[in-house]
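Please read them alongside the sequence and the coordinates.

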There are 2 protein chains.
Amino acid sequence: MPKADIRMRGFLKRTPVKTLLSLIKDHSHLLSAEEILTVEASGRILAEEIISPANVPEFDRSAMDGYALDAESTFGASSYNPLMFRVVGQVTPGETYDGVIKPGEALRIMTGGPVPKGANAVLMAENAELSGDHIQVLDAVPPGKHVGKIGEDIKKNQRLLQQGRCLRPQDIAVLASVGLKKIKVVRKPRVELLITGNELLKPGEKPRGVQIVDSNSVMLAPLINRDGGLLKAVHHLPDEKDLLHEHLSQPGADLICMTGGTSVGIEDHGPILVDELGELLAHGIPMRPAAPTGFGLIEGKKVFLLPGNPVSCLSAYDFFVRRSLCMMGGYSQDWPYRKKKVKLATKISSEIGRIEYVRLRIENELAFVIAAGGASILSSTTQADGFLLTEEDSEGFAEGEEVQVWLYDA
Amino acid sequence: MPKADIRMRGFLKRTPVKTLLSLIKDHSHLLSAEEILTVEASGRILAEEIISPANVPEFDRSAMDGYALDAESTFGASSYNPLMFRVVGQVTPGETYDGVIKPGEALRIMTGGPVPKGANAVLMAENAELSGDHIQVLDAVPPGKHVGKIGEDIKKNQRLLQQGRCLRPQDIAVLASVGLKKIKVVRKPRVELLITGNELLKPGEKPRGVQIVDSNSVMLAPLINRDGGLLKAVHHLPDEKDLLHEHLSQPGADLICMTGGTSVGIEDHGPILVDELGELLAHGIPMRPAAPTGFGLIEGKKVFLLPGNPVSCLSAYDFFVRRSLCMMGGYSQDWPYRKKKVKLATKISSEIGRIEYVRLRIENELAFVIAAGGASILSSTTQADGFLLTEEDSEGFAEGEEVQVWLYDA
């Protein structure tokens, strides 16, 4: 039985947002690991537990500039009973002093230098009175004083970092310090963009006649990067079913975002092709803008159908694609925006059962709805300070009500 | 008069942190502009005001799938008085319909398609009853209905974005949509790292004998990137004054970070060289760790002397170098960490006049001080959830006191 053409009839049935999120979760598994250079791993997700292969440091080192000596031989020293120690040499970091320090001897040592044999404490330079090749010790030095023991920072076989950790700059520094040149991290989800529409010019061109410049790929590229994705290719394609068929039938990435051609107009080939080539799991959602969003699978790869209108595209990306990428990459699915509580300057109406993506400008701690709010008005998201999302089961917010706004700027 | 050697005498006088911050501000001016591709400008600081050179769109377009017609000729239509309109053709986005729509005629039109001459409104497909080549109109359509006018998103000569703005993904999309291929942004401050120390092995090597692996360059690279800097070079150098002299005398970057050799030990050539080659504006600060931090100028370039101990290096970078980079690059100087209020599980003592950088672990909303807190224990910053800074004029915090912690993880 041929599949029915769903175009030009409107969305008869919409997939609840919760259902779509749950479908996305079912199909967005953590990706496999890849080995990369430790120095390039900041911000990546660790895919293995790290057990330290080494002590840091591998030797007892001085924590101060001063004199290494045998602590016991200073016992009894005081300003009434100064003890003299002979300075037998000097050691700086990276050097080794080959001799053994005997009681009554001291070795000049710099911070980070290895404490020599026979010594077990360091007297700070400021507390030692140097005269000729001797120092006067005016106070007893307890054993271990100012000595960083072998492994004081990291011990061999110590559990260093857990699998799943998002690596901080200092984490990769620690990994380098134990000598790990490479580590295993979760590989980045590969993403491909199919930007469709006969009316579209490529970014860099000037808008002319009845054509507009594709802005979606420009916006999606840094968002995908923010969410840990690796943008492998951007294809600009006309609304030709055969061409789209060709591109969709062999997905070259973990996730495809197709923008435009996703609704129910006669040029909207996206949903039909996903249905033909794979499985169209959802198409049409109770969200405004972004109603013509779709999700499906082709050859096991995720295909997101994003509306061509840029505000819809932005909200659908942030709501759905971002979450899928973060799940595959091992990142938190929390919104990547800072939140702020403000009072509404005007009321916001919303239909029960629908989520509204409302752009707001904040002035003197009051939030104003951006009036020019259509799905096609991308400038509304540059004029806005942030956005709010209405709840599905709410009729909106009253004037003066406190709401939570997600701020576009970090 | 030869300049005096300040080494091995301890810091006799320390520069107050406020004074150092003010010196850094005096010498960290906003950098000049550079022209880059708009598509690569997300996250950059705009260095010009943008006035739109074009309307978006450049034509009246349909906001719906439906029928373009002359609104006036639908007046009087109702379910009791259906009016018939002849469908004369169709137009999709990117196409132009050359004819003129006369009263009684309608053109099938898709979302984004240009509204033809003679038409001034769009009837939604769902509200039109199609039979043969005619549609029945059951209700009057007001002029302008579902038509996005020329410039509905952006008007030619409209002020689009202000100088100094940190560009959002949607901002660069808007800039692309008005046809701007390139834009002027503040250029990134160029940074060079001089990693000094005879005891250091390069990252990727295994620690051995009395040597340790340089972890500072590994940590600083992603931090510099985070703060908008461009790391041009990393030099690993032994503690040899001539070599350091050579590297410092011709600064190849806007900002040099020298790590190690910045204190008052015999191998600490940094402060002396900055003093000889330029101006050493500060050396030694009342901060723990990070006391041996220094700042100066050589040939008008900023030179930061960062302690070699990695915790000191991290805190001095975040406190001082970060701010300098952000000022040069036009970014906010706010701490790049999320803050969280928690109660202290133990008291924290601090000397009046000193800022302490205290690493904390948070458990059940209680903050515990990381015990192994020396300047050389980098693993303390991987075990910690964040840090707090004591105030210069405070003796610390009492057990149970609510404090503000900066979280290392975003």
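1. In this predicted model, helix H1 (residues 17-27) of chain A packs against helix H6 (residues 310-329) of chain A: their axes come within 9 Å and cross at roughly 25 degrees. Because angles under 35 degrees count as roughly parallel, H1(A) is described as roughly parallel to H6(A). The crossing of these two helices is right-handed.

2. Which residues make the contact between H1(A) and H6(A)? From H1(A) they are A:Leu20, A:Leu21, A:Ile24 and A:Lys25, and from H6(A) they are A:Phe320, A:Arg323, A:Ser324 and A:Met327. By residue class, this contact comprises five nonpolar, one polar and two charged residues.

3. As regards the domain division, chain A is split into four parts: domain 1 (17-31 + 188-329), domain 2 (33-56 + 152-186), domain 3 (61-148) and domain 4 (338-407). The centres of domain 2 of chain A and domain 3 of chain A, taken over C-alpha atoms, are 36 Å apart.

4. Strand E22 (residues 338-344) of chain A runs antiparallel to strand E28 (residues 402-407) of chain A, and six bridges join the two. Within this pairing, A:Arg338 has A:Leu407 of E28(A) as its bridge partner.

5. E22(A) also pairs with strand E25 (residues 366-369) of chain A, here in the parallel sense and over two bridges. In that pairing, A:Leu344 is placed opposite A:Ala367 of E25(A).

Key
Residues are numbered from 1 along each chain as its sequence is written. Chains are lettered from A and ligands numbered from 1 in the order in which they are written. This is a predicted model: local features need pLDDT of at least 70, side-chain atom pairs count only at pLDDT 80 or more; totals for chains, interfaces and linings use all residues. Domain bounds come from an automatic or database domain assignment. Axes are lines fitted to C-alpha atoms, for helices over the stretch in contact, and angles run from 0 to 180 degrees between N-to-C directions. Helices (H or I, at least four residues) and strands (E, at least two) are DSSP runs, numbered from the N terminus. Angles under 35 degrees count as roughly parallel, over 145 as roughly antiparallel, 65 to 115 as roughly perpendicular and the rest as oblique. A crossing is left-handed if the near helix is turned anticlockwise from the far one by less than a right angle, and right-handed if clockwise. Two residues are in contact if their C-beta atoms, placed from the backbone, lie within 7 Å. Ala, Val, Leu, Ile, Met, Phe, Trp, Tyr, Cys and Pro count as nonpolar, Asp, Glu, Lys and Arg as charged, and the others, Gly among them, as polar. Two strands pair if DSSP finds at least two bridges between them.
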